[in-house]
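Here are my notes on the model you sent over. Have it open while you read.

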Amino acid sequence: RLGSRYHVKRSSHLMPVKTSARMPALEVFLTIEELEQAISNHKEVSLIENRYGKDRKLHPVSMDPVIVTPKQLIAANGYYYLIAYTDHHTIQHYRIDKLSRVKILPQSSSVSETQGISTGDLRNYIDSHVFMSEGVPVEITMRIDNQLIDTVVDSFGSNFRIIQENDENSILTLKSTAFDMYQWALLHGDQVEILSPQSLREKLCRITAQMHRTYFATDDDRYDKAIRLAQSPYCQ
């Protein structure tokens, strides 16, 4: 509705889709308004982080409020996030719809007004937190099917380096949190192999072994495997 009449004519087949599960509550926008005010006035805020329980309601992770210096608000993956400095002057992010008791504190931020987050640093931070999970980015080395390059760029941007390649696959390095890469590797497990760090490789080894036991537990599972083996050119 805010576009010109030319925009309307050229966008007649563009339909906005709203997913009810992702529709933010009114409280989210009130929290955003408070955080915007804190950022503008260079004030610290206290907040409570929450997680969903089995009752589908949010419950505090800890009753002790977290004190942060808000610096940037972003929209990513269908959610709103706060990027802030912690009391240790490290960058951390918080999903706004999971925050409660957000309160602007009277004292000014211990982080200087000029110590903002540059566009480049913010972009790098988002690219290294694909699923916006917690954690510090680490160096990841992996082997991927070359057909997965398009997905790598979609997920991590251009912040990766190819160190070896052939017609079928490539070995590349990038920075990501271990948990984000764990989820990403499971999502594309048939086309990616994590080479390092070893701790992440071992974690994937354990979970895939567990998944194999889970999905190879019934007679139907064993029968399907027998059929696939019988259809193989190397099996009679």
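The points below take up a pocket, a helix and a strand residue.

1. Ground rules: this is a predicted model, where local features need pLDDT of at least 70, side-chain atom pairs count only at pLDDT 80 or more, and totals for chains, interfaces and linings use all residues. Numbering runs from 1 along each chain as its sequence is written, and side-chain values use heavy atoms, with hydrogens and water left out.

2. The largest pocket holds about 370 Å³ of space. Its lining has 16 residues, with N124, Y125, S128, H129 and P137 nearest the centre. (A pocket is an open set of points on a 1 Å grid over the protein atoms alone where a 1.4 Å probe fits, with protein on both sides within 12 Å along at least five of seven lines; lining residues have an atom within 4 Å of a point.)

3. Which element gives the largest share of that lining? Helix α3 does, with four residues. By class, the lining has six nonpolar, seven polar and three charged residues.

4. On helix α4 (residues 149-156), V152, S155 and F156 are buried, meaning under 20% relative accessible area with a 1.4 Å probe and protein chains only. Looking down the axis of α4, these buried residues fall within an arc of 75 degrees, so they line one face of the helix. D150 and D154 are exposed (over 50%) on the face turned away from the buried side. Just after α4, G157 has a positive phi of about 70 degrees.

5. T141 sits in strand β7 (residues 138-145) and is buried, at 15% relative accessible area. Leaving aside residues up to four places away in sequence, T141 touches I163, I171, L172, T173, E193, I194, L195 and S196, where contact means heavy atoms within 4.5 Å.

Terms used
Grid points are joined across faces, edges and corners, and a volume is the space filled by probe spheres set on the points. Helices (H or I, at least four residues) and strands (E, at least two) are DSSP runs, numbered from the N terminus. Ala, Val, Leu, Ile, Met, Phe, Trp, Tyr, Cys and Pro count as nonpolar, Asp, Glu, Lys and Arg as charged, and the others, Gly among them, as polar. The arc is that of the directions from the helix axis to the C-beta atoms.
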